[in-house]
Amino acid sequence: MNRQPKSGNLKSSALLMAAPVSSAALSYGILRRQPSPICSFSATFFLPLSSATLDQSRRVSLSSVWPSQLRSRRRSLPSLLAMASEKALASKGDQGLLVFDTEEELSASLAKYTAELSEKFIRERGAFTVVVSGGSLIKSLRKLTESPYLETIDWAKWHTFWVDERVVPKDHEDSNYKLAFDGFLSKVPIPPDQVCAINDALSAPGAAEDYETALKHLVNIGVVVKSASGYPRFDLMLLGMGPDGHIASLFPNHPLLNVTDKWVTFIKDSPKPPPERITFTLPVINSSSYVAMVVAGAGKAGVVGKALGNEKTADLLPVEMISLEDGELTWFADNAAVSMLPDKPSL
Ligand code: 6PG
């Protein structure tokens, strides 16, 4: 990658700092109207963890976009990936921010980051568990569906999940499944039984319970790793954030933010329509190995300024409650999204 940091204040510079799954559970392929044995995996397929290291020649090179005075404050992404593969990634709440001139560049970098992690996890354990949100995130995944990633990623080893889903039929315009299928999943060869979608025949409480049952099965058979605190530990979560600071379907000041005894819960009064949704709980998000928080556009600037600015207030937004137990959070932002960020972010 050959981007140069822009001159001027840091906020416009390149980097600031940086089921069974029961047969009723998790249906997929609904757009083809196929009932399916949803997410029914065989554990024998997964390899034990190894300490394999990344091939140097395939590492992304992002460090050149970091302001030099901040470089030392954060390890570079390639370094983090290499360290992770050496099991040295243990720092709590490790997070960084990558800022791009355009959403196009952001999308290209996000694809490279995801491909690197895909290679790392598949090499280590023969599988890659990826969680996506709805919203504009899906459009930002478009580069993954193009060359070289379309050919080089081992899609057969991917297992995909939703951090939240609207309780609507999968062919409904509001469906996060439909959004992801149309914009991403239909363009890459992930085996359909490794695409874990909501059972849209159920009510919100039933669908949440069903999804959690499916996740428990996948943890039991080793498809999804279990975190030290007992929650599912996904390899990568690709998340968007609302202009109010919500993540998944966890909204500001909502009691769902306090749920710790569930992996998947439901909401019937979502401030963002439609009102009925299921969502991963905060501890599940915080158990992830890697989280990419993708924010583009001026509509996100106020919240990014609050979340990454130096002035901390007691009223934390959901996005500010991300505190990874043992993982790395990377913000992928465009210039517009960081336009209200002070020069020195508190990362
Ligand atoms: C949903 C999403 C939601 C989304 C954010 C950001 O189902 O509504 O999963 O959490 O990721 O609202 O959406 P935008 O990027 O479109 O603003």
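Colleague: Which residues have the most contacts inside the largest nonpolar core?

Modeller: In soluble globular proteins, nonpolar side chains tend to be buried together. In this predicted model, the largest nonpolar core has 88 residues, and those with the most contacts inside it are Leu238, Leu239, Ala292, Met293, Val294, Val304 and Ala333. Helix 7, residues 204-220, gives the most to this core, with 7 residues.

Colleague: What does Val304 touch, leaving aside residues up to four places away in sequence?

Modeller: With those sequence neighbours not counted, Val304 touches Val295, Ala333, Ala337, Val338, Met340 and Leu341. Val304 and Ala333 are both among the core residues with the most contacts.

Colleague: How many helices and strands does the chain have, and what percentage of the residues count as buried?

Modeller: There are 9 helices and 12 strands. Of the 347 residues, 51% count as buried.

Colleague: Is helix 6 mostly covered or uncovered?

Modeller: Helix 6, residues 176-183, is mostly covered, as 6 of its 8 residues are buried. These are Asn176, Tyr177, Lys178, Leu179, Ala180 and Phe181. As for what covers them, the buried residues of helix 6 pack against strand 3 (128-132), helix 4 (137-140), strand 4 (158-162) and strand 5 (164-166).

Colleague: Which strands are joined to strand 10 by bridges?

Modeller: Strand 5 is joined to strand 10 by 3 bridges, and the two run antiparallel. Within this pairing, Arg166 has Arg277 as its bridge partner in strand 10. Strand 9 is joined to strand 10 by 4 bridges, and these two also run antiparallel. Here Val264 stands opposite Phe280.

Colleague: Let us turn to the backbone. Which peptide bonds are cis?

Modeller: Most residues other than glycine have a negative phi, and most peptide bonds are trans. Against that background, the bond from Ser147 to Pro148 is cis, with omega near 5 degrees. Pro148 has its place in the loop between helix 4 and helix 5 (149-152). The bond from Pro273 to Pro274 is also cis, with omega near -5 degrees. Pro274 lies in the loop between strand 9 (264-267) and strand 10 (277-280).

Colleague: Which residues have a positive phi although they are not glycines?

Modeller: Ala248 has a phi of about 50 degrees, and Asn253 has a phi of about 60 degrees. Ala248 lies in the loop between strand 8 (236-240) and strand 9, and Asn253 likewise lies in the loop between strand 8 and strand 9.

Colleague: Why does Ala248 count as buried, and why does Asn253 count as exposed?

Modeller: The classes follow from neighbour counts: 20 or more other C-beta atoms within 10 Å make a residue buried, and 12 or fewer make it exposed. Ala248 has 28 such atoms within 10 Å, and is therefore buried. Asn253 counts as exposed because it has 11 C-beta neighbours inside 10 Å.

Colleague: Finally, which residues are closest to the ligand?

Modeller: The ligand is surrounded by 15 residues, of which the closest are Gly134, Gly135, Ser136, Gly240 and Gly242. The shell divides into 4 nonpolar, 8 polar and 3 charged residues.

Notes: Residues numbered from 1 in each chain as written. Predicted model: local features only at pLDDT ≥ 70, side-chain atom pairs only at ≥ 80, totals over all residues. Near = placed C-beta within 6 Å. Nonpolar A, V, L, I, M, F, W, Y, C, P; charged D, E, K, R; others polar. Core = buried A, V, L, I, M, F, W, Y, C linked by C-beta atoms within 7 Å. Contact = placed C-beta atoms within 7 Å. Pairing = 2+ DSSP bridges.
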